[in-house]
Amino acid sequence: MSVPFLKIPLPVCQQFSPSIKRASMLSFRDGYLLSFDNKPTVIRLDSGLKEVWRKDLQAGQVRYVSCKVRANEDGSLIALSGYNDVRIYDGNGQLRWTFTHEPWESFAGASCFFSHGNQLLWLIAPGDHDRVYVARTSDFAMVDSCMMGGDQVYHYNFLPTPDPEKILIEAAAGQDDCLLYQVQLKDDKIILDTLHSCNDRIAGNFSSNGQELATAPHYSEGIEVFSFPSFTRSAQLEQDDLFHQAPGYPEDALEYRVLFLNDTTLVALTRYSRLLLIDRHTMNCTGELLAEGNDIKAYDENGEITTDPAAIVEYMGEITQVQLDRQHRLMITFDSGDIRWYEIPVL
């Protein structure tokens, strides 16, 4: 007996319209930080999306190097990692510390990360090859540094793991390759391990029980799930099988975002902005989330919207980014610049 393919409407429960495209929203425990690729401004919002402050923190893109904004758990420390420095601000946007480094090459760069109860700051900077550093947040004294494998070709991003002692570092080089590292601090020494089993995988998030990591493909492979802490592949779903189970949009493909919604269900973003649901136990596509405000339109060969089935050559939706905020809601950024929140339904 075939299982029905569910289409689950998702009503908007909260919305913020910055009226500027290319906006990035960061969630921390009691609020959000909003930054823009083409503006130097950072805006702090409370949990109800009311503006707390906005300041020129020189957070814009420089020579195709994006400035990455990060915060610790309660927003009392804010890190800006940009073209040629890393700057740490307090929760009111007052500068506390600056680490200056050689300029990043275009399209390279790195984010920062706070760990160990916000006692440690991790950062990556170029120089004699790229290096990862760890500093104490009490006085910003450097504890240790370690050479990475790249040299101005990667964009680095930190991701937390279920083990507070261990952190992931994703190194992406555009369409060339993608590496995943695990880093930790032992006896004030950095231990850096390359996770070869996860080469060319784009990390999403961990399951609620902390036992598995969801990943999206870097090329045309499918969805893969890895166990934690061993990082052995525990499940996979090829793209052909996925879209055979979710018909209706020919030539669709996976984008770079696959997330665990809970221990039993994953969601995958597609090129046409579909949000497909995958049952973790069977690795079958069981349905899709229909996010309010995401209008998937059909286009003809001239790039014009069409309703003629014979003229359709592709589809296009409006979703540009999908993430989970600290309240475990879907936080979706749209092509218009709008950011909308959706409660995750019982699945």
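In this predicted model, five strands form an open sheet in the order 11-16-17-18-19, with mixed pairing. The edges are taken by strand 11 (109-110) and strand 19 (189-194), each of which has a single partner strand, so one side of each lacks a neighbour in the sheet. Strands are DSSP runs (E, at least two residues) numbered from the N terminus, and two of them pair if DSSP finds at least two bridges between them. Six bridges join strand 16 (residues 155-160) to strand 17 (residues 166-172) in the antiparallel sense. F158 has I169 of strand 17 as its bridge partner.

Residues are numbered from 1 along each chain as its sequence is written. Local features need pLDDT of at least 70, side-chain atom pairs count only at pLDDT 80 or more, totals for chains, interfaces and linings use all residues, and side-chain values use heavy atoms, with hydrogens and water left out.

Rings of Phe, Tyr and Trp (its six-membered ring) were paired if their centres lie within 6.5 Å, with planes under 30 degrees apart counted as stacked, over 60 as edge-to-face and the rest as tilted. The count comes to 13 aromatic pairs. The ring centres of Y154 and Y156 are 6.0 Å apart and the planes stand at 50°, so this pair is tilted. Both Y154 and Y156 are buried (under 20% relative accessible area, 1.4 Å probe, protein chains only). A cluster linked by ring pairs comprises W97, F99, Y133 and F140.

Charges over rings (NZ of Lys or CZ of Arg within 6 Å of the ring centre and within 35 degrees of the ring normal) include K55, over the face of W53 at 5.4 Å from the ring centre. R340 lies over the face of F334, at 4.3 Å from the ring centre.

Methods:
Helices (H or I, at least four residues) and strands (E, at least two) are DSSP runs, numbered from the N terminus. Buried means under 20% relative accessible area, exposed over 50%, partly exposed in between (1.4 Å probe, protein chains only).
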